[in-house]
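Subject: The structure you asked about

Hi,

Here is the structure I promised to pass on. Have a look first, and my notes follow below.

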Amino acid sequence: FIDALPEDKDTERQLAALPVKTVAVMLRDFDYRRRTKSISFVANEDVELGRRAAQYFLRLGSFKAYGFVRPQGGNSSWSQEREDGYRDELAKASKAPHVFECLDPNPLTDRRLLSAWIKDLPKPAALLAPFDYRAGIVLEVCEQEGLRVPEDVSVIGVDNDEMICSFSNPPLTSFQPNHVLMGQTAAAELHRLLRARKPTPVR
């Protein structure tokens with residue numbers, strides 16, 4: 001049962017080559033994808049999460065700008081899928097998102113660039129962050145710049161992290177993926193794979 005990326009490519013390749021029944025949770029872009037037997041993949045519908053966020057913003061009214069705030073350091077596969085869904089749904093309304101990206105690992109640089117980016121957006125603006133921690137940073141930047149939320153900038157996160165959502169100012173709106181169902185599905189898949197194992201002949 002694998003739910004986190006290995007620390008290096010060699011470890012990744014060795015794990016992927018093991019002839020054991022495996023359920024990979026939220027893993028997409030690495031050597032497990034080359035396996036064709038004894039493996040199941042369980043993941044969020046990340047494209048759909050992005051679509052739902054765009055639908056929510058579009059229902060709220062007329063924003064002058066829509067934005068997507070990528071994770072610091074660059075997009076991961078799940079973040080890219082959320083961005084793709086967000087972009088695709090906005091395109092149906094003839095709109096396109098502004099995208100913020102900071103590849104610099106320095107958090108001070110990230111916040112400085114993010115602040116300038118948000119200030120330059122036409123207002124009111126609607127922003128999707130691919131996870132709650134990132135959305136919390138957006139809210140902090142808005143507060144520091146004197147931007148009103150949600151009057152000037154509306155923000156949505158993903159994961160519904162109660163600590164972040166409750167203690168943000170104002171409280172953060174967030175989509176909650178069904179992590180319980182994901183775990184149940186992963187367990188059911190592992191059970192299915194194990195039951196499919198051929199019995200060992202008695203000698």
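How much of the protein chain counts as buried? Of its 203 residues, 40% do, where buried means under 20% relative accessible area, exposed means over 50% and partly exposed is in between (1.4 Å probe, protein chains only).

Before the details, the ground rules. This is a predicted model, so local features need pLDDT of at least 70 and side-chain atom pairs count only at pLDDT 80 or more, while totals for chains, interfaces and linings use all residues. Residues are numbered from 1 along each chain as its sequence is written, and side-chain values use heavy atoms, with hydrogens and water left out.

**Overall layout**

The protein chain has seven helices and seven strands; these are DSSP runs numbered from the N terminus, with helices being H or I of at least four residues and strands E of at least two. From the N terminus on, the order is α-β-β-α-β-α-β-α-β-α-β-α-β-α. Taking contacts (heavy atoms within 4.5 Å) between residues at least 6 apart in sequence, 63% join residues at least 24 apart. The chain exposes about 11,800 Å², and carbon and sulfur atoms supply 52% of that; the areas come from the Shrake-Rupley method with a 1.4 Å probe, and for residues only the protein chains shown count as cover.

**The cores and α4**

The largest nonpolar core has 23 residues, and Leu114, Trp117, Ile118 and Val138 have the most contacts inside it. By nonpolar core I mean a set of buried Ala, Val, Leu, Ile, Met, Phe, Trp, Tyr and Cys residues joined through side-chain atoms within 4.5 Å. At least two residues of this core come from each of β3, α4, β5, α5 and β6, and α5 gives the largest share, with six. A second, separate core has 13 residues, including Ala53, Phe57, Ala126 and Ile156. As background, nonpolar side chains tend to be buried together in soluble globular proteins.

Helix α4 is worth a click. α4 has 14 residues and reaches 20 Å from its first C-alpha to its last, close to the expected 20 Å at 1.5 Å a residue (the expected span being 1.5 Å times one less than the number of residues). Its buried residues are Thr109, Asp110, Leu114, Ser115, Trp117 and Ile118, and the buried residues of α4 pack against β3 (65–69), β4, β5, α5 and β6. Leu114 touches Val69, Phe100, Ile137, Val138 and Val141, leaving out residues up to four places away in sequence. At the N-terminal end, Asn106 caps α4, with a side-chain oxygen 2.8 Å from the backbone nitrogen of Leu108. That is a polar contact in the sense of a pair of N or O atoms within 3.5 Å; within protein, one must be able to donate a hydrogen and the other to accept it, and residues adjacent in sequence count only if both atoms are side-chain atoms.

Over in helix α5 sits Glu140, which is partly exposed at 36% relative accessible area. Its C-alpha is 9.6 Å from that of Ser115, although Glu140 and Ser115 are 25 residues apart along the chain.

**Loops to check**

There are cis peptide bonds to look at. One joins Lys123 and Pro124, with omega about 0°, and Pro124 is in the loop between α4 (107–120) and β5 (125–128). Another runs from Val149 to Pro150, with omega near 10°, and Pro150 lies in the loop between α5 (132–144) and β6 (153–158).

Asp152 is also in the loop between α5 and β6 and is buried, at 15% relative accessible area. Its side chain reaches the backbone nitrogen of Arg148 at 2.8 Å. Beyond neighbours within four places in sequence, Asp152 is in contact with Lys123, Pro124, Ala125 and Leu147.

For positive phi in a residue other than glycine, see Ser94, near 60°, and Asp159, near 120°. Ser94 is in the loop between α3 (77–92) and β4 (98–100) and is exposed at 72%. Asp159 is in the loop between β6 and α6 (162–167) and is partly exposed at 29%.

Cheers
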